[in-house]
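Colleague: I am new to this structure. Could you walk me through it with a few questions and answers?

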Amino acid sequence: MNSLPAEVTSTLLEILRGFASPDNGIRAAAEKKLNDEWITPENIEVLLVFLAVQAAYAQDFTTAALSAVLFRKLALRAPPASKTVIISKNITHINQESLFTIRKVLLDGFLAERPRDIRHKLSDAIAECAQDELAEWTELTETLLKCLTSADAGYKESSFRILTSVPQLVNTVDISNILPIFEAGFTDGNDEVKIASVTAFVGYFKQLPKQHWSKIGILLPSLLNSLPKFLDDNKDDALAAVLESLIELVELAPRLFKDMFDQIIQFCNILIKNTDLETPARTTALELLTVFSENAPQMCKMNANYASSIVMNTLLMMTEISLDDDDAAEWKESDDTDDEEEVTYDHARQALDRVSLKLGGQYLAPTLFQFLQQMVTSNDWRARFAATMALSSAAEGCQDVLIGEIPKILDMVVPLIADPHPRVQYGCCNVLGQISTDFSPLIQRIAHERILPALISRLTPASCERVQTHAAAALVNFSEQANQKILEPYLDSLLTNLLTLLQSNKLYVQEQALTTIAFIAEAAKTKFIKYYDTLMPLLLNVLKTENQDNNGVLKGKCIECATLIAVAVGKLKFAEHSQELIGLLLAHQNAMVSEDDSIRSYLEHGWGRICRIMGEEFVPLLPVVLPPLLETAKATQDVSLIEEEEAADFQKYVDWDVVQIQGKHIAIHTSVLDDKVSAMELLQLYASILKNLFAGYVQEIMTEIAVPAIDYYLHDGVRATGATLIPILLSSLISATGTNNADAVQLWHLASGKLIGAISTEPMLEITQTYHSAIVDGLAVMGNSPLPEELLQQYTKGASNNLTDVYERVKERHNEADEYNEELDDEYEGFTDEDLLDEINKSLAAIMRANGQTFLPHIQTLWPLINTYLQENELILVLFALVAIGDIIQHYGEVTVSLKDAYVDKIAAYLVSPEPQIRQAAAYILGVCSQYAPSTYGELCISSLNTLVQIVSIPEAKSDENQTATENASAAIAKILSAYDANVPNTESYIESWLKSLPTIVDEEAAGFNYRYLSHLIEANCPLVTGTTIPTIVDSSIQALYHKSVSGKGAELLADSLKKLLSTLSQNDAMSLLANYPPEYLPVIQSYFS
C-alpha cells in the first residue's frame, strides 16, 4: 500500500539510501536534506506515512529496519514549530486521516512475513501510535489477542512487546480472558516469549487498579516456576531479565510474594552462590532480595532465613576481589581507586548498605557480627578485607546498635591496620573513616587516641600509595567532626607525614595529602598557625610552577588548601602572603584556556574564601573575579533527545544524566548545571559579605540568573539555589538604596511573581519549601511592603494547592498498608511534609503582616482547608492549623469573631493534648487572643487559666519534652493576667502559680513577655514579688539572662527591675544572692549588676 506520489517516494528513498551509506559525507548530506526539507510543519506527516510504508512493505530489509527506527524517532519528536520540546510529539499532532493510514500500514506490516528484528521495530512503532492521548485502536487489540494465542513464537513475542508499552490496550478485555494468555507465555517453550510475557505482565499489573491484583496474583507461582528452567538450561541472560521484571513487581506489591518468600530466598541463594553464572544473573538475584527489604521490611524481619541469607550472600560476593591478583600487585600500581572490574563486590556493598538502612541494627547487627568476628581472624585476606568493607557498609544503618559498641568495634578492626596485606590495611582505613562519620561526634571524643594513631601509622612510607591515600582520606572524615582540642596533640605527627606524602611521585597521593591538610587546618583553626610558615610557602611554590596538562587538579588542590589555611589562621597571619597568593590566583585565572579547565572550580571557590577573609577589601578584585563566575552561573539547560539505545552510553558518563519523560529519553548535561549551582552559591556568598558594595551587580544577576533559574525544571539544585539567591540579592541592593528604590521594588515584583507562581507547579516538596522561605525572606528585606492583588490571588491558589497535596499525601501514607504493601516508615517524606507546612505557616504569616486587611478575603478562601486540618488527628496537620489560627488572630484581632466558633472548643481541648507540641500551640493561641483580641476571646482566655496552671504545675513540666509547652503556657498566663487584670478572680493565686513556673529559658518569645510582666509586677510593688520570694525571683531572672532567653532592651529592663528589688535587701543579703552561682555565671552577673 503506497498512496504517496512516486516522486515523493523516489526522493525519500534516495535520502534513506544516503543514511545507510558507509560514506560519512553522504550520510551527513542525507541527514541535512531530511532535516531541512522534510522535518518541517508542511512535510512531517508525509514523511511519517512514507516511513511507515517502507517499514511495513520494503523488501530491502535494511531500508525497512531504518524506516521503522526513524519513524519511531520522529513520532516521538516534538513538532517542528513546537515550543514544548519535551512534552509534544509529532504523532499526536498529525491529522486523523494520516494517523489511521499509518496505523493500517504498520499493522499490515506486523502481520506480514517479516524478519524477527524488523517485526520488533514495527512493534515499537505501533506502540507509539497506540498511546492514550490518541484515538482508540480496536483493530490492534483484536490483532494482539489473536497473535498472543497463535502458535508462532515470533508473533507472540512481538505482541507481548507491544503490550509492555501500551498495556491499557487490553483493559477492555475481561481479566479472566487475559490470565490464560500470560500463563501460557510464562510456560512457553521459547525463552524470548517467556521473557516478553513476564515484562508485559509487569506493565499490565502496574496500571491495573488494586482491586484486581488478587485475580492476577494467582499467576505468580507459574512465573516463578519458569526460573529454574532458565538456570538448568544455562540461560543466564534470560534468568536476569525475568528477575528484573520480578523486582518491579516486588516494588509494587511485595506482600503478594509472602507465601513464596522462602522459596524466593532459597532460589536467590542458589544463584548467588553459583559463581559459574554470569555476573548479571547473580547481582540481579541479590537486588531482588535487597528490594524486599526496602518495600517489605517487616516481612523480611519476620522471616527466619532472610537475615542470614542477605548477610552471607553479601559477604560472599564481597570476597570476590583481586581474583587474579592475590598479592594485589596490579591493585597497588593502579591510580584508579574505582575498581570497576569488581562488579559483584560493588553490588554486595551497596546491597548491604541499603538493607541495613531499612532493617536497622537491632535486626541485622547480631547476624552480621556473628560472621564478621570469624572473618577478621580468617587466614584468607579476602575474608578479612570483606569484613572491614561490610562493617563500613552497614555502619550507618546499624548505628542504633553499633554506636554503643564503639570499643568492641575498634578492638575488632584496629589490629587490621597492621595486616600484612595492603587491601586489608585499605579496608581498615575505610571502616575507620566511615565510622568517624557515622558515629560522630561521639567517636571523636571517646576514641581519638585509638583512631588517629592507627591512621597516622598508614601515612608512612611503610604503606603503599593507595593505602597512604586512603588513610589520608579517612583523616578527612575524622577531622570534619573533630575540634581543635582533639586534634592539637596529633598535629605534629599528622603534618610531618602529610608533608612527606606531598613529595610522592604519584599525583593522586599529592592531591589527597593537600585535601587532608586543608580539612585539618579548617578543624584546627588558630592552632594551625604553628604550621603556617612551613606550609604556605610550599603551596605558593607549587602554584608558581609551570602549567602542564596533568597538574591542573594538583594546583587546584593547592589553591583549596592555601585558602582554607588562610581562613583557619585568620586575616592578620594571612596578611604575610595575601598579596602573593592573590597574584598567583590572578595569573592562573588569566591562563585558563577553556570552560572545563580543571583548575576553574578551585579558583572560583578559592576567591570566595579570600573574600570571606578580606571583606570589603575584596571589592577591587570583583571586576576580575566575577566575569568568569557569571558566565558559569548563566549556563543554560543542555538537553538532548536521544534514542533508547543511546541511553546506556550516556549513563556511562558522570557528566550526563538520562531521564524518561512521556516515552522520550532526555539526556541532561548535569555537570554544567552542577557548576551553575556552585557559581550561584558563590554569588550568594559575595552578596552576603559585601552587601551594599555588591549592589551594582544585583540587576544583572537577578534578571539573568536567579529569576530564570526557577524555570530549570530538569535540575532541582538550580531551582532551589535560584530561590535562595533572590532575597540575598535584594538585601544587598536594599542596603545600598533603601526599600523605596524603584529598581529594588521592580526587581522584587519580578522575583516574587516568579516564586509565587512556582509554588503551584513545583513537583519537589523541598524546593516548594524553599520558595515559601524565599518569599518570607524577600518580604522581610523589602520592609514588608504589600504585594499586588494579582500576586495575592496566585499565592492563595498556590498555598491551597500545597495544603491539599500535603493532606492527600498524609492520608495516602496512612492508607498504604494493605494486603499487598506494608506501611513504610518513610521518615524523610513525613519530615518533608512537616517542614513544608512549617514554611507555609511562615509565608502565610509574612503575607498577612505585609498586606494586612487586603489579604483577609484570601484567608476566607483558605479557611475551609485550615479548618479541615484542625479536625484531623494527624499531628502535623493539627499543628499547622493551630499555628495558622494564632497568626490570623494576631494580624486580624477582633475581626476574627466570625471564625471564632470553629476553633474555640478545639483550642480548649488541645490544651490538655498528650502531644507537647499541640499543647504549646494551643497555649500560644490563648496568649495571642488576650493580646490582640481581648474583647472577642475574654471568656475563653479567663476560663482557661486553671488548665494553664495545671500544665505548668505537673511534675514533668520542665522535662526536655515538655519545657517549650510549659513555657508557652506560662507566658499565656502572664498575657491573660496582663490583659484582663481586674476581671480575673483570685488574681493573686494565679500570679503565685505563674511565679513558680519560672524560669523561662528556652522559648525566647515566651521569655520576653514573662520577664516584662515580672518587671511590671516589681515596678508596681506587687507584694507577691517581695520578701521571701525575692531569692526565687532573682534566681529565675539570672537563669534567663545566663541562657540569653531575654536579651537586648528586655534584658536591660529586667536587670533594672532586679536592682530595684535587690535594693529592698541589705547590701550583704543582696551580694550573697548574686555570689551564689557557678563561675560561668559571673561574667553575666557582672555585666548587668556591677
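Modeller: A term comes before we start: domain bounds come from an automatic or database domain assignment. This is a predicted model, where local features need pLDDT of at least 70, side-chain atom pairs count only at pLDDT 80 or more, and totals for chains, interfaces and linings use all residues. Residues are numbered from 1 along each chain as its sequence is written, and side-chain values use heavy atoms, with hydrogens and water left out.

Colleague: Which residues does the domain assignment give to domain 3?

Modeller: Domain 1 is listed as 1–25 + 35–79 + 90–129, and domain 4 as 998–1089. Domain 2 spans 494–632. Domain 3 is assigned 635–785.

Colleague: How much area do domain 2 and domain 3 bury between them?

Modeller: Contact (heavy atoms within 4.5 Å) joins 18 residues of domain 2 to 17 residues of domain 3. Buried area is the accessible area (1.4 Å probe) that two parts lose on being put together, summed over both. Carbon and sulfur atoms carry 77% of it here, and the total is about 1,500 Å².

Colleague: Which three residues supply 35% of the area that domain 2 buries against domain 3?

Modeller: No other three residues of domain 2 supply more of that area. They are Leu629, Leu630 and Thr632.

Colleague: Which helix gives the largest share of the side of domain 2 that touches domain 3?

Modeller: Helices (H or I, at least four residues) are DSSP runs, numbered from the N terminus. Both α33 (600–614) and α34 (622–633) supply at least two residues of that side. The largest share, eight residues, comes from α34.

Colleague: How many salt bridges are there between domain 2 and domain 3?

Modeller: A salt bridge is a side-chain nitrogen of Lys or Arg within 4 Å of a carboxyl oxygen of Asp or Glu. The whole structure has 38 of them. Between domain 2 and domain 3 the count is zero.

Colleague: Which residue forms a salt bridge with Asp188?

Modeller: The closest N and O atoms are 2.6 Å apart. Asp188 sits in the loop between α9 (175–186) and α10 (191–207), and its partner is in helix α8 (residues 153–165), 32 residues apart. That partner is Lys156.
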